Amino acid sequence: MTLLDEIRTGDARTAGISTSHASAERAAPAILSPAPAVSIAGALNAALRDALAADSNVVVFGEDVGPLGGVFRITDALHAEFGEDRVWDSPLAESGIVGTAIGMAMYGLRPVIEMQFDAFSYPAFEQITSHLAKMRNRTKGRVTLPIVIRIPYAGGIGGVEHHSDSSEAYWTHTPGLTVVSPSNPADAYSMLREAIESDDPVIFLEPKSRYWAKDAVELPVHTAPMTRAVVLRAGTDVTLLAYGPTVKTALHAAELGAEEGLSVEVVDLRSLSPFDDETVGASVRKTSRAAVIHEAAQFGGYGAEVAARVTERQFFHLAAPVLRITGFDIPFPSPKLEEHYLPTAERVLAALDTWEW
Amino acid sequence: MSNDVLVPAPPTLPTHKPIRLIDETGRAVTGTQTAGFRMPDTDTLLSLYRRMVLARRFEAQVTALTRQGRLATYPSALGQEACEIASVAALAQQDWLFPTYRDTIALLTRGVSPVEILSFFRGDWHTGFDPHAHRISPQSTPLATQALHAVGLATAAKLKQDDTVALTFLGDGSTSEGDAHEAFNFASVWQAPVVFVIQNNQYAISVPYSKQSRARTLADRAIGYGMPGYYVDGNDVAAMYAVVTAAVERARAGHGPTLIEGLTYRMEAHTNSDDPTRYRETSETAGWLDHDPIDRVEKHLDRAGALTTAVRASIAAEAEALATATRDAMNETPVLDPLEVFDHVYSAARPALLEQRAFLANELAHTDTREAGAA
Ligand SMILES: Cc1ncc(C[n+]2csc(CCOP(=O)(O)OP(=O)(O)O)c2C)c(N)n1
């Protein structure tokens with residue numbers, strides 16, 4: 001078994017995932033009848049299947065997404081079910097994948113493409129920032145590009161270098177893109193369906209360390225609109241703002257905090273661009289303290305945007321400066337060292353301790 | 001994506017003598033240099049000639065307007081009319097064109113109005129025309145990127161079983177970009193109905209072909225991608241038309257992409273901010289006057305007796321009318337709505353953008369009041 005295979009089969013312990021990340025599953029949503037346990041990977045696969053079935057203009061292509069079903073199996077069995085003209089393996093070239101998707105979208109298709117791993121989206125940077133994001137604007141709205149770029153992103157799976165990057169700041173800094181990241185199976189399904197239906201290009205960041213996290217969910221499911229943030233846990237003392245892989249960290253921190261008598265509110269941003277100022281603002285006005293958690297490096301990162309927005313808008317409601325608990329300003333470290341890099345619940349609580357309460 | 005249509009015939013290296021049908025004296029070329037391509041009929045040649053004359057007059061006018069400061073910039077295709085016009089003329093109505101910043105006269109030839117075209121260079125809006133209405137994508141500035149869009153669109157058309165072909169222009173310099181390679185490769189693997197026309201005008205801004213590539217011809221590359229390649233005299237509109245037409249027909253019949261290199265020369269500067277005397281001798285440029293693409297077909301048509309005084313006069317009058325209309329249109333000051341910049345970023349309004357829009361609106365309102373007060 002390779003490392004990746006172990007992770008795929010869900011054996012996170014043998015794959016060397018730090019325990020703080022492998023434990024503390026998110027509380028399952030309240031449900032009336034027993035629903036099947038669905039992983040994020042399974043939910044994404046179901047969303048793709050349902051989208052392909054619902055609209056013949058939806059096509060799925062990229063590296064290894066055909067018969068293999070993607071290196072993370074997110075496109076599992078879709079090739080067999082929908083055939084070579086709907087789901088296919090492209091030549092190995094990310095700029096080519098995005099660039100050809102743009103032409104296809106100009107002709108009425110709705111491509112859902114995969115960048116195999118986060119750092120391998122960089123060859124497509126030009127196509128994404130110069131064309132995908134700008135086409136609507138360049139043409140006064142006459143050309144729309146309903147393309148979803150799925151990017152398995154971030155660390156926590158013991159990936160070797162270039163397999164654990166968090167590239168959200170590049171994409172959120174680019175006007176014209178919608179950037180979202182689900183943190184649980186229900187959102188994974190609902191948000192991917194919505195992303196595919198969106199007339200704007202969507203960068204869909206899939207937290208790969210969470211692919212195998214399961215919840216009891218009845219599919220198909222409709223959760224909140226993908227551009228809205230959601231309060232996952234109510235609290236009164238502090239607001240933790242997280243997205244994708246760090247939502248779990250935030251929830252874990254909230255539990256540890258509760259043991260110490262701290263009432264922590266956890267907001268899952270879900271959408272990084274647009275930013276849901278309303279939901280975040282309401283939470284911060286209630287708690288008067290905020291901290292944002294992400295895996296990406298801190299300097300010039302997405303957390304800086306969050307901190308600035310919250311400060312600008314809620315300054316007079318804030319009792320303390322907005323904190324950032326993030327990765328270090330270094331290239332993502334090697335697998336054996338990544339646990340020291342990734343923000344943990346303990347690190348979140350330690351950061352909160354730096355405030356004067 | 002299935003490519004079950006046809007396994008392409010094994011390509012062979014193109015000849016290293018460019019394919020020609022008409023020589024500099026206007027005579028029909030015979031023998032191996034035609035590579036079996038047939039001379040277009042006189043009506044077709046006359047129509048190509050007419051469009052080239054119009055395009056040249058248009059560019060002369062636009063260059064003048066640029067020198068007067070009415071346009072921000074303009075990359076002229078003077079000397080490249082044969083490549084541009086023959087390629088567009090070979091397309092059917094349903095086909096798509098993927099042009100670069102230099103291929104403005106291709107847009108003109110395909111029926112885009114001067115104002116819609118020039119709003120890009122005047123600086124009103126990035127793309128002034130409706131791409132769907134004309135089946136022309138926005139003129140691409142990032143080099144070679146549009147070639148992938150052409151491959152994608154052609155592939156989508158193939159998947160929908162439409163007989164649409166996409167043609168894209170590339171410069172010699174842009175063939176060094178990774179996207180050019182990716183486009184050639186994707187097109188061939190997917191057997192996409194695409195025609196790549198490389199206009200080798202021998203310079204990428206200041207960099208000559210010798211410093212761009214060591215390949216004898218860029219058409220040679222085709223064989224490495226498993227598609228046919230043709231090396232054509234890009235100043236011979238008859239040859240360009242014959243070869244591009246064959247490639248378009250081939251693509252439409254489901255036989256996949258073709259790579260065509262038109263060997264030509266950029267007579268003008270790269271743009272008005274370029275100084276070509278820093279990188280090439282004026283004698284070199286002057287030498288190319290003997291290879292002028294319009295001159296050549298004009299001589300040919302003259303010999304055939306097709307260019308009567310009346311025909312010449314009518315084309316000249318049409319060219320003048322186009323120049324005048326272009327000048328008049330550009331002399332009008334465009335009415336731009338600064339707030340529109342917020343309208344076409346996303347399909348649905350975004351609160352944050354609405355806030356920024358309101359901010360600018362407020363600023364504009366105050367500017368107006370100040371100006372009104374000052375007046
Ligand atoms: C990706 C990229 N790099 C650099 C440039 C700047 N640039 C604009 S035109 C040009 C030269 C292109 O030469 P060529 O492809 O031969 O086309 P030509 O201008 O001669 O028609 C360069 C370097 C650009 N537009 N895009």
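1. Extent of the interface. In this predicted model, 46 residues of chain B are in contact with 46 residues of chain A. Interface size is often expressed as the accessible area lost when the parts come together. For chain B and chain A the buried area is about 3,700 Å², and 58% of it is on carbon and sulfur atoms. Three residues, His149(B), His344(B) and Tyr346(B), supply 15% of the area that chain B buries against chain A, more than any other three residues.

2. Polar and charged pairs across the interface. The rule finds 24 residue pairs in polar contact between chain B and chain A, counting pairs with both residues at pLDDT 80 or more. It also finds 2 salt bridges across this interface. In one salt bridge, Arg313(A) pairs with Glu355(B), and the closest N and O atoms are 3.4 Å apart. This counts as a salt bridge because the cut-off between nitrogen and carboxyl oxygen is 4 Å.

3. What chain B brings to the contact. The elements of chain B that give two or more residues to the side touching chain A are strand 1 (96-98), helix 5 (131-134), helix 6 (145-159), helix 7 (178-189) and helix 13 (351-374). Helix 6 of chain B provides the largest share, 10 residues. By residue class, the side of chain B that touches chain A has 22 nonpolar, 16 polar and 8 charged residues.

4. Domains of chain B. Chain B is divided into domain 1, residues 32-331, and domain 2, residues 340-373. Taken over C-alpha atoms, the centres of domain 1 and domain 2 of chain B are separated by 39 Å. The UniProt record, an unreviewed entry, places the feature "domain: Dehydrogenase E1 component" at residues 50-331 of chain B. That span is 48% helix and 11% strand, and its end C-alpha atoms lie 26 Å apart.

5. Salt bridges in general. Side chains of opposite charge can pair when their charged atoms come close. Over all chains, the count by this rule comes to 32 salt bridges. Among them is the one between the side chains of Arg193(A) and Glu197(A), at 3.8 Å from N to O. Both Arg193(A) and Glu197(A) lie in helix 9 (residues 185-197) of chain A, where they are 4 residues apart, about one turn of the helix.

6. Backbone points to check in chain A. Most peptide bonds are trans, and most residues other than glycine have a negative phi. The bond from Leu219(A) to Pro220(A) is cis, with omega near 0°. Pro220(A) lies in the loop between strand 8 (214-216) and strand 9 (230-233) of chain A. The bond from Ser273(A) to Pro274(A) is also cis, with omega near 5°, and Pro274(A) is in the loop between strand 12 (271-273) and helix 11 (277-287) of chain A.

7. Asp64(A) is found in the loop between strand 2 (58-62) and helix 4 (78-82) of chain A.

Methods:
Residues are numbered from 1 along each chain as its sequence is written. Chains are lettered from A and ligands numbered from 1 in the order in which they are written. This is a predicted model: local features need pLDDT of at least 70, side-chain atom pairs count only at pLDDT 80 or more; totals for chains, interfaces and linings use all residues. Side-chain values use heavy atoms; hydrogens and water are left out. Contact means heavy atoms within 4.5 Å. Buried area is the accessible area (1.4 Å probe) that two parts lose on being put together, summed over both. A polar contact is a pair of N or O atoms within 3.5 Å; within protein, one must be able to donate a hydrogen and the other to accept it, and residues adjacent in sequence count only if both atoms are side-chain atoms. Ala, Val, Leu, Ile, Met, Phe, Trp, Tyr, Cys and Pro count as nonpolar, Asp, Glu, Lys and Arg as charged, and the others, Gly among them, as polar. Domain bounds come from an automatic or database domain assignment. UniProt positions are given in the numbering used here, feature names are shortened, and annotations may be inferred rather than shown by experiment.
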